[in-house]
Amino acid sequence: MSSFSVTETSARAKWISGTLVILYALITMIPLVWIMLTGFKSPADSISYPPKVVFEPTLEGYVNLFTTRTRQTQEYLEANPPQNWADEIVRQYDMVIVGPSKFGQRFMNSVIIGFGSTFLSIFLGTLAAYAFSRFRIPLADDLLFFILSTRMMPPIAVAIPIFLMFRNLGLSDTHLGMILLYTAVNISLAVWLLKGFIDEIPREYEEAALIDGYTRFQAFYKVVLPQAATGIASTAIFCLIFAWNEYAFAVLLTSATAQTAPPFIPTIIGIGGLDWPAVAAGATIFLLPVMVFTILLRKHLLRGITFGAVRK
Amino acid sequence: MAEVVLEGVSKRFGDTEAVRDMSMVIPDGAFVVLLGPTGAGKTTTLRLISGLEKLDAGRIKIGGRDVGNETPAQRDVAMVFQQYSLYPHMSVRDNLAFPLRSPILKTPEAEVARKVAEIAEILQIPHKLDNKATELSGGEMQRVSIGRALVRDPAIYLMDEPLSSLDAKLRADLRIELKRIQGDLGSTLLYVTHDQIEAMTMATHVGVLQEGELVQFGTPREVYENPQSVYVASRLGQPRINILPSELFGGAHKGPQIGLRPEHIRQGDGVEARIIRAEHLGDQTRLHLELQGYSVTTLTDPHTDYAPDTILKISPQDPLYFDAAGARIF
């Protein structure tokens with residue numbers, strides 16, 4: 001692919017760079033590992049000093065994350081033996097499980113809003129990028145700059161106007177409102193990244209399809225889309241990561257119905273004392289989808305990051 | 001198959017006039033070759049006929065129908081691109097079947113399979129049908145893209161230097177094959193090239209393009225024997241025609257510049273020229289001469305040896321005369 005050649009690195013240089021990379025990876029992974037371990041600690045272990053690296057694992061944090069519990073009298077506890085392993089865990093504090101917590105529903109909100117806005121960003125972004133890439137659009141460069149310029153300030157700078165707008169439009173605390181908001185933030189990234197990927201696909205393919213008897217739109221989805229798949233995948237991950245992790249707007253604009261996981265997880269601290277294992281369990285589960293996605297698509301993602309830096 | 005007519009066709013890209021006021025009739029069943037150097041407007045002409053570019057002026061008729069406002073799909077043309085034309089995410093088989101499966105043709109699958117097999121046989125690629133398009137050599141790719149045009153039976157085939165990326169042997173084979181297929185099917189074909197051998201061997205008609213203008217149109221023989229300008233004369237013939245000041249040969253002449261095809265130089269009498277070099281090509285020998293500071297190329301008997309610096313007398317035979325600007329006078 002690349003036309004330039006790089007001199008072969010020596011074994012020693014490889015060894016040194018390898019060590020540095022592993023060291024860096026270990027350092028950056030410590031908080032992540034710490035969170036995951038804390039999720040399996042008992043509350044006492046989670047705040048012990050010095051911190052425990054070896055400890056007896058328990059699912060207490062996960063049980064607390066997914067349930068609401070109340071303290072009960074000794075008579076009640078004796079009259080109602082524990083039903084399952086989760087009950088056993090909470091019994092040690094003389095508590096019983098009275099129902100599910102809100103975490104499941106908040107997590108689902110994150111899924112709906114995260115994937116919904118990613119889908120919408122990619123859908124609109126692909127069509128816009130294709131148009132910018134292929135058609136002669138008046139003032140195309142200015143429009144592209146305008147689209148990019150929406151990224152030049154931190155989105156939270158317009159928090160108050162958006163808050164007021166959402167209230168007047170009835171979008172506050174709705175899934176639709178959050179999907180639209182995250183799409184608006186992500187669309188500029190999607191258009192620019194996807195335009196780059198589509199620019200790389202030679203026009204001759206579509207022209208051949210047009211002559212072969214297909215319409216412009218059919219040529220687009222039969223010939224361009226399959227070839228843009230890797231670009232679309234990597235763009236989708238970037239959009240998903242943003243929408244999934246977004247905290248500030250979620251705090252400001254959502255509460256009872258459409259609240260996503262990021263603003264919810266810290267509130268666990270307030271339910272029945274400082275329950276760090278439950279918070280850590282929430283954070284771990286919250287991390288998983290994006291982690292799995294990123295690992296599955298890491299090859300495309302890398303191409304997305306280095307995109308533009310490498311000339312073919 | 002159909003007749004294709006261009007009437008006063010023009011196309012400009014920004015400041016460059018790619019095609020200027022071009023008129024041409026491509027008769028039904030003709031094999032027309034457009035000849036010209038890079039930038040002469042050959043590819044643009046194809047793209048205008050196919051509908052990939054919009055006309056600035058003029059009309060294009062395919063089978064008597066004005067196609068100015070039709071999409072490429074509606075025009076019923078097949079095109080072979082110079083490069084990049086195979087769909088990389090599809091197999092060879094799907095590439096060949098792609099035009100047949102279009103919403104316009106909607107060929108039944110049994111028919112698709114039959115036609116694809118037939119074309120694969122002609123192009124000698126049946127064993128490659130299940131390969132991915134990207135797993136082919138350059139020659140195979142180009143054969144598949146020619147095949148993708150040939151599976152159809154369009155009003156006209158448009159080919160943009162389809163053989164230019166192939167090696168000499170394959171090029172010669174496909175040239176004959178293409179001519180045979182065109183003859184068998186009786187198809188109308190417009191073929192763009194800068195290779196004069198392709199033009200001379202395959203064409204029923206040759207059109208010579210110069211800076212977006214069609215400067216001459218006729219049978220290969222007409223264009224070769226009766227060129228209208230130095231430019232046209234230089235496009236056909238190998239070795240190239242010698243263009244010299246007429247007074248070099250003395251006597252009466254009919255214009256300031258004389259054009260001598262290598263085979264139109266008589267040896268034995270006339271003005272003296274010095275032999276620089278003789279090239280023995282087997283079937284012929286090319287003699288490179290120097291005539292009062294001008295270089296002249298001629299052909300000679302393959303069995304004679306010529307020592308450098310020998311003096312040879314030459315005189316024109318059936319010369320062509322051009323004016324100072326290069327236009328044909330006689």
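This is a predicted model: local features need pLDDT of at least 70, side-chain atom pairs count only at pLDDT 80 or more; totals for chains, interfaces and linings use all residues.
View 1. Chain B has 9 helices and 17 strands (DSSP runs numbered from the N terminus: H or I, at least four residues, for helices; E, at least two, for strands). Residues are numbered from 1 along each chain as its sequence is written, and chains are lettered from A and ligands numbered from 1 in the order written. Local features need pLDDT of at least 70 and side-chain atom pairs pLDDT 80 or more, while totals for chains, interfaces and linings use all residues.

**View 2. An open sheet in chain B.** Its 6 strands run in the order S6-S7-S8-S3-S9-S10, with mixed pairing (pairing takes at least two DSSP bridges between strands). S6 (77-80) and S10 (213-218) are the edge strands; each pairs on one side only.

**View 3. Strands S3 and S8 of chain B.** S3 (residues 31-35) and S8 (residues 189-193) run parallel, joined by 5 bridges. B:Phe31 has B:Leu189 of S8(B) as its bridge partner.

**View 4. Packing of H11 and H14 in chain A.** H11 (residues 216-245) and H14 (residues 276-296) pack at about 165°, axes 11 Å apart (lines fitted to C-alpha atoms over the stretch in contact; angles from 0 to 180 degrees between N-to-C directions). H11(A) is therefore roughly antiparallel to H14(A) (angles over 145 degrees). H11(A) contributes A:Ile237, A:Leu240, A:Ile241 and A:Trp244 to the contact; H14(A) contributes A:Val290, A:Phe293 and A:Thr294.

Terms used: Angles under 35 degrees count as roughly parallel, over 145 as roughly antiparallel, 65 to 115 as roughly perpendicular and the rest as oblique. Two residues are in contact if their C-beta atoms, placed from the backbone, lie within 7 Å.
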